[in-house]
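Dear colleague,

I am passing on the structure we spoke about, with the sequence alongside, and below it you will find a description of what was found.

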Amino acid sequence: MPHHEELDTPRGPARVQTDLPAGAPVALLVLGHGAGGDVDAPDLVAVRDAVVGAGVAVARVTQPYRVAGRRAPAPAGHLDEAWTAVLSVLRGRFPGVPLLVGGRSSGARVACRSATAVGAAGVVALAFPLHPPGRPERSRAAELSTGLPTLVVNGDRDPFGVPAAQGPVEVVLRPGERHDLRGDPAGVADAVLGWLRGRGWATA
């Protein structure tokens, strides 16, 4: 069962659900939710289930605006500020292991924007929203350019677009999937687990 708590941030309390592996964690993966969603999205839960069994501690973070009951997301700067505050607390609890950050959609963007500032070793971006639907000229590709090893898992029918693999950014396409990645959450989780294992961030 996950450990539930609320942590104070400059933007109000955030909620954190932490799941620990059976033994000492080999890495910490912190995941954020989509703009109007929550941390119980099928892909986030599937990733949690898969990687906890492979020695990874997983913390799923609910942003303060969602804790307060709002669906409309806070401004990007507010999201990043709250996320960074939570990460500073969690990082102190798991010293000496790699910190991995990620999430789905809006949560993936927050993780990318703040990855270097929080000292992350890598990024897991699920359903990264490359651009608003129908607006490919408004690309957010620059947010993926963190210089860190990054895994993007997107559906090939995502109306928000699909980022291109470049440099340390690897892209896994899920056939037939749209933005919610609900068709095969276990397949998404397998992609994440394989990527983590390939870098020594999960046990075999």
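To begin with the contacts in the protein, counting those between residues at least 6 apart in sequence, 61% join residues that are at least 24 apart. Please keep in mind throughout that this is a predicted model.

**Overall form**

The protein has five helices and eight strands, and along the sequence these follow the pattern β-β-β-α-β-α-α-β-α-β-β-β-α. Its radius of gyration is 15 Å, close to the 17 Å that the globule rule gives for 204 residues, so the protein is as compact as a globular protein of that length. Along the principal axes, the C-alpha atoms fill a box of roughly 40 × 40 × 30 Å.

The eight strands form an open sheet with mixed pairing, in the order E1-E2-E4-E3-E5-E6-E7-E8. Strand E1 (3–7) and strand E8 (169–174) are the edge strands, each of them pairing on one side only, and neighbouring strands of this sheet are turned by 20 degrees against each other on average, direction ignored.

Two of the pairings can be described in more detail. E3 and E4, by contrast, pair in the parallel sense over six bridges, with Leu-28 standing opposite Ala-57 in E4.

E3 is mostly covered, six of its six residues being buried. In a regular strand the side chains alternate between the two faces of the sheet. In E3, Ala-27, Leu-29 and Leu-31 point one way and Leu-28, Val-30 and Gly-32 the other way, and all are buried.

**Helices against the sheet**

Helix H4 (residues 106–114) lies across strand E3 (27–32), strand E5 (99–104) and strand E6 (122–126), and it runs at about 150 degrees to E5. Helix H5 (residues 185–198) also packs on the sheet, where it touches E5, E6, strand E7 (150–155) and E8, its direction making about 165 degrees with that of E7.

H4 is itself mostly covered, with eight of its nine residues buried; these are Ser-106, Gly-107, Ala-108, Arg-109, Val-110, Ala-111, Cys-112 and Ser-114. The cover over them includes E3, helix H3 (76–93), E5 and E6.

In helix H1 (residues 42–52), the buried residues are Asp-43, Leu-44, Ala-46, Val-47, Arg-48, Val-51 and Val-52, and what covers them includes E2, E3, E4, E5, E6 and H5.

**Salt bridges**

A search of the whole structure finds 15 salt bridges, and three of them may be worth looking at in turn.

Asp-19 forms a salt bridge with Arg-60, and the closest N and O atoms are 3.8 Å apart. This pair links distant parts of the chain, with Asp-19 in strand E2 and Arg-60 in strand E4, 41 residues apart. Asp-19 is buried, and so is Arg-60. Both residues also belong to a network of salt bridges that links Asp-19, Asp-40, Arg-48, Asp-49 and Arg-60.

The side chains of Arg-174 and Asp-184 meet in a salt bridge at 2.6 Å, N to O. Here too the pair links distant parts of the chain, as Arg-174 is in strand E8 and Asp-184 in the loop between E8 and H5, 10 residues apart. Arg-174 has a relative accessible area of 17% and is therefore buried, the cut-off for that class being under 20%, whereas Asp-184, at 32% relative accessibility, counts as partly exposed.

The side chains of Arg-15 and Glu-6 likewise meet in a salt bridge, at 3.9 Å from N to O. Arg-15 is partly exposed, with a relative accessible area of 28%, and Glu-6, at 47% relative accessibility, counts as partly exposed as well.

With best regards

Methods: Residues are numbered from 1 along each chain as its sequence is written. This is a predicted model: local features need pLDDT of at least 70, side-chain atom pairs count only at pLDDT 80 or more; totals for chains, interfaces and linings use all residues. Side-chain values use heavy atoms; hydrogens and water are left out. Two strands pair if DSSP finds at least two bridges between them. Helices (H or I, at least four residues) and strands (E, at least two) are DSSP runs, numbered from the N terminus. Axes are lines fitted to C-alpha atoms, for helices over the stretch in contact, and angles run from 0 to 180 degrees between N-to-C directions. Contact means heavy atoms within 4.5 Å. A salt bridge is a side-chain nitrogen of Lys or Arg within 4 Å of a carboxyl oxygen of Asp or Glu. Buried means under 20% relative accessible area, exposed over 50%, partly exposed in between (1.4 Å probe, protein chains only). The radius of gyration is taken over C-alpha atoms; the globule rule is 2.2 Å times the number of residues to the power 0.38.
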